[in-house]
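Please keep the sequence and the structure in view while reading.

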Amino acid sequence: MSYIDLKSPPKREDRLKACIAHGGTICEMAGAKGKKSCLQDDGERSFTQGSICLILPALAMLNSMPDNVVLLHSAIGCGGCTHSQNANVRFGGNVRWGHAKDGVWLSTAMDETDVISGGEEKLEQAIIEADRRYRPFSITVVAGCVPGIIGDDIDGVVQRVQPQVTAKLLPVHCEGFKTKIWATAYDAVYHGIGRTLLREGEQASTGDGLAPFKGLERLPRTVNLMNVSSMGRVDEVELERLLTTLGLEVNVFPVFAHPENMVKATQAALSVSTCPTHDDYFLGYLEERFGVPSLIRHMPIGIENTGLWLRDVAARFGEKEKAQRIIEHEERELKEALQVFRPLFEGKKVFISAGEFRALATARLLEELGFIVSGIRSFHHDEFAEVEYRKLADSSKDDYVIDIANVQPFEEANLLKRLKPDLFLGHANGNGTAAKLGIPTHVIYNTGLAYIGYKGVYEIARRLYRQLKNPIYNRQAGRKLKAPLQRCLVHVGPLFPYRSTWRCGCMSDNFIERPRYVCALGGAAATISALPGGIPILHSASGCAGNFAWAQNGGSGLQVGGYCGTLSIPSSNVQEREVVFGGDERLREQVESTLKVMDGQIYAVLTGCVTEVIGDDIKTVVSDFRNQGVPIIGAETGGFKGNSYWGYDLALQALFRGFVERGTAEVKNSVNLWGVVPSADPFWRGNLEGVRRLLEALGVTVNSFFTPEDTIENIRRAGSAALNIVVSHVYGVEAAKLFEEIHGTPFLSLSLPVGASASEAFLRSVGKALKISSQKINTVLNREKQAYFRFIEPLTDCFNDLDLQRYAVVVGDANYATALTKFLADDLGWLPELTVCTDLLKNDEKDRLTSQLNVLESRYKTTLVFETDGSRAIEHLQKKWPPSGGPKYHNAFSPAFVIGSSLERELAQAIGAVHLSVSFPVANRAVLDRGYTGFRGGLRLAEDILSAVVAGR
């Protein structure tokens with residue numbers, strides 16, 4: 001029976017005997033010189049770090065499909081990676097069709113009720129509503145861990161609902177705990193495509209194999225070029241160029257291919273793989289069912305491999321001589337052009353880390369440029385790479401290290417310390433370890449850059465030449481930044497510790513569109529990572545950390561990681577064994593290993609969906625380590641409990657309950673400050689610094705937990721504060737109540753103070769609570785306002801002469817929605833007609849925010865709506881400001897400005913407005929220490945807003 005007849009594809013551990021654990025050499029892997037490889041069967045380690053699961057690579061493919069809606073049936077954090085991938089969707093659409101458009105992804109946001117009662121009915125209604133709202137050609141239903149554990153039958157739901165909707169429904173199984181090999185995701189996507197989009201008209205192949213379909217004929221000179229999610233349009237163009245010189249027509253498939261046209265893949269005369277790791281499952285299906293032969297041997301990266309790849313294709317069409325002429329011409333031109341780079345490259349050692357086939361092909365390319373390969377680590381191993389290992393063993397003068405590891409930066413750090421390479425090439429979100437060791441790095445793939453074919457060789461050489469000509473950025477990072485590893489372990493040889501054996505308005509009741517947050521676990525992990533010396537320990541499935549990493553990459557202003565974030569985070573990476581038998585012992589083992597390996601000042605065990613559903617007892621495990629004197633806390637942060645903002649609150653509660661000392665004497669005029677959520681607010685560092693400066697101007701001592709000035713000792717003694725200040729009416733409020741209950745410290749919940757008006761109100765409220773004299777408060781305010789308006793004064797003429805006042809739409813989270821509206825109305829004198837808060841909030845939280853906009857100093861009245869689906873902001877605007885209908889004279893919503901996230905670019909374009917990204921996700925700005933709080937922050941925000949308005953002047 002074909003695998004395609006199953007509901008889901010087999011995992012690669014079973015189908016290909018793939019593994020993720022090995023430490024050896026290139027000669028062992030190639031079976032050369034009498035050595036034999038000894039791959040670990042179970043692929044397990046006693047200490048593991050964050051990784052990715054099936055969802056991330058699957059969504060990278062599915063989000064690219066035009067006229068397709070991705071519906072994640074999972075907890076809300078699954079799919080946070082799409083904020084990073086959306087940049088590829090926009091860029092890919094722009095270079096192919098001339099316009100950038102956001103992908104559409106939805107989440108059923110499974111909560112505790114769904115976990116108990118099942119989520120099938122919710123999923124069914126979500127499919128029907130998505131079909132009616134978006135009218136897509138297809139809806140891809142992607143299952144995460146939670147439905148896999150509780151037994152939701154997404155295939156059954158799809159079968160029941162399909163007759164009721166016009167979209168074709170593709171079920172895709174991405175339960176992260178079921179496999180250690182995330183490349184299974186490619187099989188899962190192709191499985192859904194094969195079962196759904198290619199089966200109409202299928203019939204038995206005729207004797208000559210030329211007419212496998214009713215009404216469809218074989219295209220004798222058409223080649224399926226299998227693109228992958230890590231290959232951009234520039235690489236596709238290069239391979240199309242080479243294939244068309246052979247007189248072939250190219251069908252690029254499946255990334256950015258319209259679902260309706262995918263059936264063309266069954267008519268081709270040949271399918272050509274660009275990466276066997278990605279393609280083998282589907283090419284086997286095309287050959288078995290539709291008689292389309294395939295080539296799946298070489299990846300066209302590098303001079304030799306591109307030539308081999310092209311010769312194989314040409315041989316299938318009787319074009320060997322033509323191919324040879326093309327190859328000789330291309331190589332002659334390329335080798336001459338590369339001469340200028342070779343003196344800098346010659347003899348330099350390079351280490352490569354990536355997916356297996358990509359890493360091996362790139363290693364051969366680097367050898368061709370004159371580099372010496374000193375080590376390779378790939379994320380898994382299977383049979384398709386064996387020929388590549390033999391190529392490298394034959395081409396290398398010396399044996400060198402091979403490490404098979406599903407990310408695991410700790411092992412990488414040890415290898416790099418020992419091997420001391422001159423250059424590192426790593427996977428996206430995987431270059432931070434090398435950078436902190438001072439090694440020049442380059443990403444091994446980026447969909448906007450060229451890597452493949454002859455052009456790819458030259459462009460890689462150009463980029464590496466630049467990197468090596470001036471590697472000062474990483475060298476400085478190596479001197480100044482510290483990796484979260486025990487010093488005694490970073491200097492040893494490679495260590496492979498294997499183990500033997502709420503709703504409102506028109507928000508949907510059934511899904512959330514493009515969630516602007518991750519889950520509770522993601523928020524808690526970012527919070528702990530932001531503490532001085534904070535080490536989160538995730539007790540979850542393997543993909544959680546990777547999901548958060550890609551979410552930050554695409555939403556936090558290019559800020560990823562930090563001291564111990566993203567893929568450096570220790571994680572138990574539970575699998576089916578733990579789901580069946582429980583994961584308490586796996587957690588205990590992970591904590592013990594983490595304490596040996598990771599250099600932290602505070603550790604926090606955080607649970608994910610899987611371990612909470614199966615009922616693992618983290619409290620006992622944490623308590624046992626605390627009794628041994630370990631500074632460790634624990635929090636139950638299953639993703640189905642809420643979004644990243646609630647995870648922030650849960651992490652703070654655990655900190656206040658289990659780490660902050662009790663009974664400390666109060667220190668007058670000292671405060672604790674929180675309410676700005678790390679990473680979920682892309683400007684969190686600058687915003688906390690801005691509020692700190694405001695408070696210090698009053699003579700207040702500030703403990704803000706997450707800024708460079710804060711220490712773990714100050715956090716431990718936070719109970720001595722006279723007052724807690726929460727610069728939010730939602731985030732951290734429950735933690736403040738718990739702090740007051742445990743430590744007796746009162747708290748103030750105040751708006752994020754953005755700009756002059758809000759800062760003055762903020763200082764007066766704090767001063768009153770701390771009983772600071774009115775004279776001192778006025779002195780500080782007079783000084784700050786005098787400086788503020790001195791900077792504003794020179795702008796006044798242009799502000800009026802250029803008519804810089806604007807109507808505005810504000811879209812943001814619970815902090816920014818009100819703070820930005822206040823700033824626009826009370827400081828800039830603009831007209832914020834509509835304010836959209838995208839958070840999931842309780843009724844009392846909504847009331848708090850509503851009350852804030854009823855007391856604007858300008859008395860301007862905005863319309864505040866609570867709407868999780870940001871694309872519906874235009875509907876709310878049209879209700880308040882209906883389209884004119886085209887009369888000669890009408891009061892238009894113009895000139896207009898949209899301030900929100902990078903997802904609001906389409907809204908701004910639709911209404912002809914200027915746009916600025918401030919609230920998560922911020923994908924189109926780089927953020928370091930910029931912040932918008934206080935008087936200075938208000939000036940920065942005014943600069944950014946007005947600069948956007950006059951950018952085309």
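Which kind of contact do the side chains of Glu388 and Lys391 make? They meet in a salt bridge, with 2.9 Å from N to O. The model is a predicted one.

Glu388 and Lys391 both belong to helix H16 (residues 386–395). They are three residues apart there, so about one helical turn separates them. Glu388 is buried, and Lys391 is buried as well.

Helix H36 (residues 843–852) holds another such pair, Arg848 and Asp844, which lie four residues apart, about one turn of the helix. Their side chains form a salt bridge of 2.9 Å, N to O.

## Salt bridges across the sequence

The count for the model comes to 51 salt bridges. One of them joins the side chains of Arg377 and Glu412, at 3.0 Å from N to O. Arg377 is part of strand E11 (residues 372–378) and Glu412 is part of helix H17 (residues 409–419), so this pair ties together parts that are 35 residues apart in sequence. Both Arg377 and Glu412 are buried.

## Aromatic rings

A pair of aromatic rings is described by two quantities, the distance of the centres and the angle of the planes. Across the whole structure, a search finds 29 aromatic pairs. Among them, Tyr285 and Phe290 form an edge-to-face pair, with 5.5 Å from centre to centre and 85° between the planes. Tyr285 is buried, at a relative accessible area of 3%, and Phe290 is buried at 0%.

## Charges over a ring

Tyr451 has arginine side chains placed over its ring. The charged end of Arg463 sits over this ring, 4.5 Å from the centre. Arg358 lies over the face of Tyr451 as well, at 5.3 Å from the ring centre.

Strands of a sheet pair through backbone hydrogen bonds, either parallel or antiparallel. In this model, five strands form an open sheet with mixed pairing, in the order E5-E4-E2-E3-E15. The edge strands, E5 (168–173) and E15 (512–513), each pair on one side only.

Strand E4 (residues 138–143) runs parallel to E5, and six bridges join the two. Within this pairing, Val141 stands opposite Pro171 in E5.

## Helix H39 and its surroundings

Helix H39 (residues 934–949) has 16 residues. The span from its first C-alpha to its last is 23 Å, close to the 22 Å expected at 1.5 Å a residue.

Which elements do the buried residues of H39 pack against? Helices H29 (684–697), H32 (755–770), H33 (774–792) and H35 (814–827) are partners, as are strands E26 (896–900) and E27 (914–917). The buried residues of H39 include Phe935, Leu939, Leu941, Ile945, Leu946 and Val949. Gly934, Gly937, Gly938, Ala942 and Asp944 are also buried.

Methods: Residues numbered from 1 in each chain as written. Predicted model: local features only at pLDDT ≥ 70, side-chain atom pairs only at ≥ 80, totals over all residues. Heavy atoms only, no water. Expected span 1.5 Å × (residues − 1). Buried < 20%, exposed > 50% of the residue type's maximum accessible area, 1.4 Å probe, protein only. Contact = heavy atoms within 4.5 Å. Phe/Tyr/Trp six-rings, centres within 6.5 Å; stacked < 30°, edge-to-face > 60°. Lys NZ or Arg CZ within 6 Å of the ring centre and 35° of its normal. Pairing = 2+ DSSP bridges. Salt bridge = Lys/Arg side-chain N within 4 Å of Asp/Glu carboxyl O.
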